[in-house]
Amino acid sequence: MAKKVMGTMKLQVPAGQANPSPPVGPALGQRGINIMEFCKAFNARTQEMEQGAPCPTVITYYQDKSFTMDIKTPPASFYLKKAAKLKSGATTPGRATVGTVTPAQVKEIAEAKMKDLNATDIESAMQIILGSARSMGIEVK
């Protein structure tokens with residue numbers, strides 16, 4: 001017999017740094033999910049990733065208080081800021097340029113994000129990443 005799904009929730013947790021403090025602890029606790037079990041499982045699954053990279057995570061929790069999690073790759077903006085060596089994007093995208101990335105860096109980011117993008121080939125994935133770069137005020141040279 002299949003477990004009854006009680007709901008899903010989305011969290012963005014730094015890779016390898018899940019702990020019971022806010023915002024993770026209260027979000028899980030109010031849904032009856034074992035906080036320490038989640039933290040241990042999340043940290044174990046993200047230990048290969050860059051420490052501190054924000055990981056969007058979809059948690060499905062069940063009636064018997066168990067859960068499953070789908071950890072996605074960090075957002076394109078995280079990779080773009082890292083490649084352009086920026087702290088944040090432009091305050092007025094479209095008018096101001098705050099950094100540059102190379103087409104090779106865009107391709108590398110597209111390959112890293114490929115499984116989470118709605119694209120069938122690397123060229124269309126690169127177009128998605130280019131759109132994210134433009135919206136952040138990052139130029140491709």
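This is a predicted model: local features need pLDDT of at least 70, side-chain atom pairs count only at pLDDT 80 or more; totals for chains, interfaces and linings use all residues.
Student: Which part of the chain does the UniProt annotation "domain: Large ribosomal subunit protein uL11 C-terminal" cover?

Tutor: According to the unreviewed UniProt entry, that domain covers residues 72-140. Over this stretch, the chain is 51% helix and 9% strand, and its end C-alpha atoms lie 25 Å apart.

Student: How does one describe the packing of two helices?

Tutor: Two packed helices are described by the angle between their axes and by the distance between those axes. Here, helix α3 (residues 76-84) and helix α4 (residues 103-113) have axes that come within 10 Å and cross at roughly 150°.

Student: What does that angle say about the directions of α3 and α4?

Tutor: Angles over 145 degrees count as roughly antiparallel, and α3 and α4 are therefore roughly antiparallel to each other. The crossing of α3 past α4 is right-handed.

Student: Which residues of α3 and α4 meet?

Tutor: An α-helix has 3.6 residues a turn, so residues three or four places apart point the same way. From α3, Ala76, Tyr79, Leu80 and Ala83 meet Gln105, Ile109, Ala112 and Lys113 of α4. By class, this contact has six nonpolar residues, one polar and one charged.

Student: Which residues in α3 are buried, and what covers them?

Tutor: Ala76, Phe78, Leu80, Ala83 and Ala84 are buried in α3. Their cover includes the helices α4 and α5 (122-136), together with the strands β2 (54-62), β4 (99-101) and β5 (138-140).

Student: What follows α3?

Tutor: Lys85 follows α3, and the phi of Lys85 is positive, near 55°.

How values were computed:
Residues are numbered from 1 along each chain as its sequence is written. Side-chain values use heavy atoms; hydrogens and water are left out. UniProt positions are given in the numbering used here, feature names are shortened, and annotations may be inferred rather than shown by experiment. Helices (H or I, at least four residues) and strands (E, at least two) are DSSP runs, numbered from the N terminus. Axes are lines fitted to C-alpha atoms, for helices over the stretch in contact, and angles run from 0 to 180 degrees between N-to-C directions. Angles under 35 degrees count as roughly parallel, over 145 as roughly antiparallel, 65 to 115 as roughly perpendicular and the rest as oblique. A crossing is left-handed if the near helix is turned anticlockwise from the far one by less than a right angle, and right-handed if clockwise. Contact means heavy atoms within 4.5 Å. Ala, Val, Leu, Ile, Met, Phe, Trp, Tyr, Cys and Pro count as nonpolar, Asp, Glu, Lys and Arg as charged, and the others, Gly among them, as polar. Buried means under 20% relative accessible area, exposed over 50%, partly exposed in between (1.4 Å probe, protein chains only).
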